Amino acid sequence: MCGIFGYVGIKQNATQAVFDGLKRLDYRGYDSWGIGIIQGKEILVDKHVGIVDTASLKLPASSIAIGHTRWATNGAVTDANAHPHYASDKSFIVAHNGIAENFAERKTQLLKKGYKFISETDTEVIVHQVEEERKHTKTLAEAVRIAFKKFTGRNTIIVLSRDGQIIAARNGSPLVLGVADKLAEIYLSSDTLSFAPHVSHIIVLDNGQMISVLNKQINVSDIQTGEKVSYSLEKNTITDSGVDKSGYDHFMIKEIYEEPFVIDRIIEQPDKSYLALAKAIRQAAHVYCIGSGTAGAAAAQIAYYLRIFGKVPAVGLIGAEARDYFDLIGKDDLLIAPSQSGETADVLEVMETVKKNGTKIASFVNMPGSMMTRLSDYKFMAQAGPEICVMSTKIFVSQLAWGYLVAKAVEGNLNDGKEKLKGLSKNTDAFLHNKQKIAHIKSLAKTLARKPHIFLLGKGQNLQIIKEGMVKMIEGSYVHAHAMPAGDLKHFAITLMEPGMPVVFVLSNDFVKTDVLNALHEVNARGSQIVVVAPQPDESFDDYIEVPDLGEVSAVMNIVPLQLLAYYMAKSLGHNVDKPRNIAKSVTVK
Ligand code: G6P
């Protein structure tokens, strides 16, 4: 998803600082980029389709600059549509994250007034609207404020004006400021990680707030009223944002190998936080767990753990499909949201809506300073370190481990849960360092990657695991994978079971094992290729990945071989593993 970066200061060349910042934001996914700087009395802009690379950068050094990575929404991927966009007289430029939903009607008005458009973007409509407002306002900041209010949707913009001022307004995607050396250096960015090593303090802008930065002065104001609001400097706790591959071929595999570490972070969190949330869960009339994509699978698994261990009838929801619950989620209910970024628009919309009804919110987020954390009554941080690969792996494991522990706290067995997670961490580590197993998964991945269709079947604690296995295979390999409850197979998809069709089963030694084996035998009878992730072999398996029997936490262990399979499938196909085509890491638009 789009990224914004800005820098003003004397210590670094701003052009290079913004260029480096954009590179650190590039994990979010983008298709074009651009930088704007001030040189003398002029604003210079350089924009490109493709990756942020040094060879393309044709701008001189500067002390102030803004930049943008664009993930196309309105308008094709072209240099002209890349941001920043100039005002008609080139007195300021704008970069934008989000979708200005009513841009078409605004554009019609502005065209009537004679404004010319050189791009197809909604951003350029914002630019001209600011120019229009500027005719009646004392300052550019005021014009930005009034113009910004006229657009609907979730938007965040950054403006650089010829007089050396940076203005930014937020009503959607994140915007964080980083300051160093008593404001001698100021960074603005879509995430803290992109500037973390350089700053001592951060300021997180809330939705509905704007900021202007001029001559080392920072002003934060309310977009609705224009009134000044006080801001607080939060100490930056991230000194090393570790965005290198540490010798691994890809971030994805590095992050999978960090899974034992992320489980340990869950165990270390204070008991009192778990116990407070457990109490709220017990007191809630209804508990809803919500997420999108991989986090949606995690949310469903957390709901499963709450049902099984907490005996709470929790429901799993997908962010984009929760609208029909809006009138049902009320003040006595609790919403639980696991999210890597803490900024996913589909989930944020639900949170903002139910918060107005008085619903309590708990979140489990990895990215510091996120909107979800700010909206939450019970805030948990994954503390898993940056997850750079667009495909989420370690955060999924972290979300499951956290959800399991919360459910164990509701059950009244937090310590037992922690012990089980310690075992999980050790076993995951041993599995990842078992050379034979990894070699076997690699060779199996090569075979699976060439298949046009793959089925994944599971049940109970493994249902979301096969769904997430499917997500990883589709995302990385662009292979058609289909996960379904093992028990539902006989109701329709059994018609597709034919010789050679690969079917991956995930099963554990639990109360649904017999049901899964029944489905497995039905598939076996039709000659399909049966691949099984399980603690024991069976003669009906064509291929078998042995995992340790970890009882209650087996499901968390079982995702690891599926993630590895998906990684080696994508790799063997020569795909861009860390940035699969068309998808973004952080989806801050609806
Ligand atoms: C995007 C990513 C997914 C992620 C989902 C939710 O779709 O491609 O990998 O699971 O967003 O993101 P979140 O930040 O809320 O976990």
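**Loops, strands and a ligand site**

Me: Between which two strands does the loop with Leu183 lie?
Reply: Phi of Leu183 is near 70°, a positive value in a residue other than glycine. Strands here are DSSP runs of E with at least two residues, numbered from the N terminus. The loop that holds Leu183 lies between β9 (176-180) and β10 (185-189).

Me: Which atoms do side-chain values use?
Reply: This is a predicted model, where local features need pLDDT of at least 70, side-chain atom pairs count only at pLDDT 80 or more, and totals for chains, interfaces and linings use all residues.

Me: Is the peptide bond from His83 to Pro84 cis or trans?
Reply: Pro84 has its place in the loop between β4 (64-70) and β5. Omega of the bond from His83 to Pro84 is near 0°.
Reply: Two strands pair if DSSP finds at least two bridges between them.

Me: Which residue in the hairpin of β2 and β3 takes a positive phi?
Reply: Strands β2 (residues 32-39) and β3 (residues 42-49) pair in the antiparallel sense over 8 bridges. Within that pair, Trp33 stands opposite His48 in β3. The hairpin has 2 residues between the strands, and the positive phi, near 60°, belongs to Gly40.

Me: How many charged residues are in the shell around the ligand?
Reply: The ligand is surrounded by 13 residues, the closest being Ser339, Gln340, Ser341, Thr344 and Ala584; a residue is near if one of its heavy atoms lies within 4 Å. Ala, Val, Leu, Ile, Met, Phe, Trp, Tyr, Cys and Pro count as nonpolar, Asp, Glu, Lys and Arg as charged, and the others, Gly among them, as polar. By these classes the shell has 4 nonpolar and 7 polar residues, and the charged ones number 2.

Me: What share of the ligand's area does the protein bury?
Reply: Polar contacts are pairs of N or O atoms within 3.5 Å. Oxygen atoms of the ligand lie 2.5 Å from a side-chain N or O atom of Thr344, 2.6 Å from one of Ser341 and 3.5 Å from a backbone N or O atom of Ser292. Taken alone the ligand exposes 390 Å² (Shrake-Rupley method, 1.4 Å probe). Of that area the protein buries 89%.

Notes. Residues numbered from 1 in each chain as written. Heavy atoms only, no water. Polar contact = N/O pair within 3.5 Å; in protein donor to acceptor, adjacent residues only side chain to side chain. Helix = DSSP H or I, 4+ residues; strand = E, 2+ residues; numbered from the N terminus.
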